Amino acid sequence: MKPFLFVSILFLSGLACAQTAREPLFTSFDGTKIHYDVLGGGKPVVLLHGFISNSESWKRASVRQALADAGFKVVMLDLRGNGLSDKPHTAEAYRDNAELKDVVSLMKHLGLTNYDVVGYSRGAILTAKLLTMDKQVRRAVMGGISVDFSDPNWYRRRNFHEALTKPGSHPELQSAIDYAKKSGADTVVLARLQEFQPVTTRAELGKIRVPVLVVNGDNDKDNGDPQTLVDAIPGSRLVSVPGDHGGAMRTPEFAKAVVEFLTK
């Protein structure tokens, strides 16, 4: 085989591997390609991951398999800017609830209706907004969060954005920024995610009528008092499980609480 032909084959093979490694992908409303994964069959439930994370976090948690074993079709996606999904840098790519439009578009792409949602940390913030946008959502679990995100000037959102755009401005968040860089996260994207993080007002939360479960680690105070979220959403209730903010969602107790709530 001629050297040039051999090198060309190797290049094309490598390119094909790079392309298929991200699959499955779907093209969202604005052309952004979103990576997703599906496990199991039955009633659909979508899992929304947190900040400086991606859908791999669910694969390390027992709740994913527990839901599949309980008869759910579990849908996970790398929210835009994360994991194997496209990582646009423009403001336009993140404003106007673009991430949630991706979720709605994906469920339509898969032909799934009347679905449940489980969101953790920033994923719970997205879940709240999704409840105001899509009438197809039947039930929701919101983990690791309080009602504080209903404030557009919430200090956690503001401080993270500043820490990412003004290096050294928030020493208390430096370990999280260092972790993001070490893990290969795109810090330009992370700043955009904080800049355009959805805000669901207390008035909007008060109009939610679908069943909602709030789950929080017994040593998790990162995002405020979860009881305040329960107080804001009519009919919701709180379950406490072992763990801090980073560990609670991976516990068997978290999986048990979610499965029991969604199978009732």
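User: Taking contact to mean heavy atoms within 4.5 Å, which residues does S121 touch in this predicted model, not counting residues up to four places away in sequence?
Analyst: S121 sits in the loop between strand 5 (115–120) and helix 5 (122–133). Leaving out residues up to four places away in sequence, the residues that S121 touches are G50, G143, G144, I145, N223 and H245.

User: Is S121 buried or exposed?
Analyst: A residue counts as buried when its relative accessible area is under 20%. The relative accessibility of S121 is 12%, and therefore S121 is buried.

User: Which residue's side chain is joined to that of S121 by a polar contact of 2.8 Å?
Analyst: H245 is among the residues that S121 touches. A polar contact of 2.8 Å joins the side chain of S121 to that of H245.

User: How are the rings of F51 and F160 arranged?
Analyst: F51 lies in the loop between strand 3 (43–48) and helix 2 (56–59), whereas F160 belongs to helix 6, 109 residues apart. Planes over 60 degrees apart count as edge-to-face. The ring centres of F51 and F160 are 5.5 Å apart and their planes stand at 75°, so the pair is edge-to-face.

User: Which residue caps the N-terminal end of helix 8?
Analyst: Helix 8 covers residues 187–195, and its buried residues are V189, L190, A191, L193 and Q194. At the N-terminal end of this helix, the backbone nitrogen of V188 lies 3.0 Å from a side-chain oxygen of the capping residue, D186.

Key. Residues numbered from 1 in each chain as written. Predicted model: local features only at pLDDT ≥ 70, side-chain atom pairs only at ≥ 80, totals over all residues. Heavy atoms only, no water. Helix = DSSP H or I, 4+ residues; strand = E, 2+ residues; numbered from the N terminus. Buried < 20%, exposed > 50% of the residue type's maximum accessible area, 1.4 Å probe, protein only. Polar contact = N/O pair within 3.5 Å; in protein donor to acceptor, adjacent residues only side chain to side chain. Contact = heavy atoms within 4.5 Å. Phe/Tyr/Trp six-rings, centres within 6.5 Å; stacked < 30°, edge-to-face > 60°.
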